[in-house]
Amino acid sequence: MLKHPTPKNSRLKAVPAGVLSFATIRRFVTEAKTAGRRVVTTNGSFDILHIGHVRNLAFAKRQGDALIVGVNSDASVRSYKGFGRPITPALERAEIVAALKYVDAVFIFNDATPVKWLKILRPHIHVKGADRTMDQIPEQTVVESGGGVVVRAPYLKNKSTTGIIKKIRRITL
């Protein structure tokens with residue numbers, strides 16, 4: 001059971017339920033595979049959660065039995081989204097994603113791509129949005145070399161965090 005700060009243990013760092021260390025994720029995946037469950041992974045920044053994210057996660061969950069989500073760290077998001085991003089800190093983004101009924105477990109990763117952890121977890125299926133072509137998905141090779149497949153989730157046009165941010169900026173200016 002995860003502990004949350006109280007007046008007696010206020011020096012403990014709160015870790016939201018469902019947000020796990022990578023070591024715990026590895027054990028979770030091993031146990032799921034041993035039990036014959038199909039492991040599905042996906043990843044993203046999930047900076048401002050929107051309907052595109054929710055539908056992508058629902059689609060991913062339908063592909064198997066256990067859905068593991070890698071959430072990009074703040075430094076990782078900054079490296080490819082640029083200054084001012086992420087809007088929401090990584091631990092909060094991960095907690096929000098973990099709270100969704102489709103998601104079994106979440107962890108935060110620091111790399112620009114999920115290739116490194118996919119090599120270790122070797123999921124049966126890795127889900128990406130269909131806004132990318134297969135040759136724009138760097139993790140395809142590592143997933144397939146581990147015996148898995150990459151599946152593209154249907155893309156909802158005009159539903160993106162970047163679009164939401166642009167709309168907010170137009171409204172507030």
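# A guided tour of the predicted model

Begin by selecting lysine 61 and aspartate 104, which form a salt bridge whose closest N and O atoms are 2.6 Å apart. Lysine 61 belongs to helix 2 and aspartate 104 to the loop between helix 4 and strand 3, so this pair ties together parts that are 43 residues apart in sequence. Lysine 61 is partly exposed, at 22% relative accessible area. Aspartate 104 is likewise partly exposed, at 31%.

**Confidence**

Colour the chain by pLDDT next. The mean for the protein is 87, and 88% of the residues reach 70 or more. Now select residues 1-12, where pLDDT stays under 50. For this segment the model has 16 contacts beyond four places in sequence. Where pLDDT is low, the predicted coordinates should not be read in detail.

**A second salt bridge**

The whole structure contains 5 salt bridges. Select aspartate 47 and arginine 85 for another of them; their closest N and O atoms are 2.7 Å apart. This pair links distant parts of the chain, 38 residues apart: aspartate 47 is in the loop between strand 1 and helix 2, and arginine 85 is in the loop between helix 3 and helix 4. Are these two residues buried or exposed? Aspartate 47 counts as buried because its relative accessibility is 3%, under the 20% cut-off. Arginine 85 is also buried, with a relative accessible area of 9%.

**Backbone features in the loops**

A cis peptide bond joins the two, with omega at about 0°. Proline 86 is found in the loop between helix 3 and helix 4.

Then move to phenylalanine 46, in the loop between strand 1 and helix 2. The phi of phenylalanine 46 is near 50°, a positive value in a residue other than glycine. Phenylalanine 46 is buried, at 7% relative accessibility.

Arginine 122 also has a positive phi, of about 50°, although it is not a glycine. Look for arginine 122 in the loop between helix 5 (115-121) and strand 4. At 44% relative accessibility, arginine 122 counts as partly exposed. Why single out these backbone features?

**The largest pocket**

Display the surface and turn to the largest pocket, which has a volume of about 730 Å³. Its lining comprises 34 residues, and those nearest the centre are Asn43, Gly44, His53, Asp131 and Arg132. By class, the lining has 10 nonpolar, 15 polar and 9 charged residues.

Which elements supply at least two residues each of the lining? They are strand 1 (39-44), helix 2 (51-62), helix 3 (74-81), strand 4 (125-129) and helix 7 (161-172). Helix 2 gives the largest share, with 4 residues.

Select aspartate 131 and arginine 132 by themselves. Their side chains meet in a salt bridge, at 3.4 Å from N to O. Aspartate 131 is partly exposed, at 41% relative accessibility. Arginine 132 is partly exposed too, with a relative accessible area of 33%.

**Last stop: alanine 99**

Finally, select alanine 99, in the loop between helix 4 (90-98) and strand 3 (105-109). Alanine 99 is exposed, with a relative accessible area of 63%.

Note on methods:
Residues are numbered from 1 along each chain as its sequence is written. This is a predicted model: local features need pLDDT of at least 70, side-chain atom pairs count only at pLDDT 80 or more; totals for chains, interfaces and linings use all residues. Side-chain values use heavy atoms; hydrogens and water are left out. Buried means under 20% relative accessible area, exposed over 50%, partly exposed in between (1.4 Å probe, protein chains only). On a 1 Å grid over the protein atoms alone, a cavity is a set of points where a 1.4 Å probe fits but cannot get out, and a pocket is an open set with protein on both sides within 12 Å along at least five of seven lines; lining residues have an atom within 4 Å of a point. Grid points are joined across faces, edges and corners, and a volume is the space filled by probe spheres set on the points. Ala, Val, Leu, Ile, Met, Phe, Trp, Tyr, Cys and Pro count as nonpolar, Asp, Glu, Lys and Arg as charged, and the others, Gly among them, as polar. pLDDT is the predictor's confidence in each residue, from 0 to 100. Contact means heavy atoms within 4.5 Å. A salt bridge is a side-chain nitrogen of Lys or Arg within 4 Å of a carboxyl oxygen of Asp or Glu.
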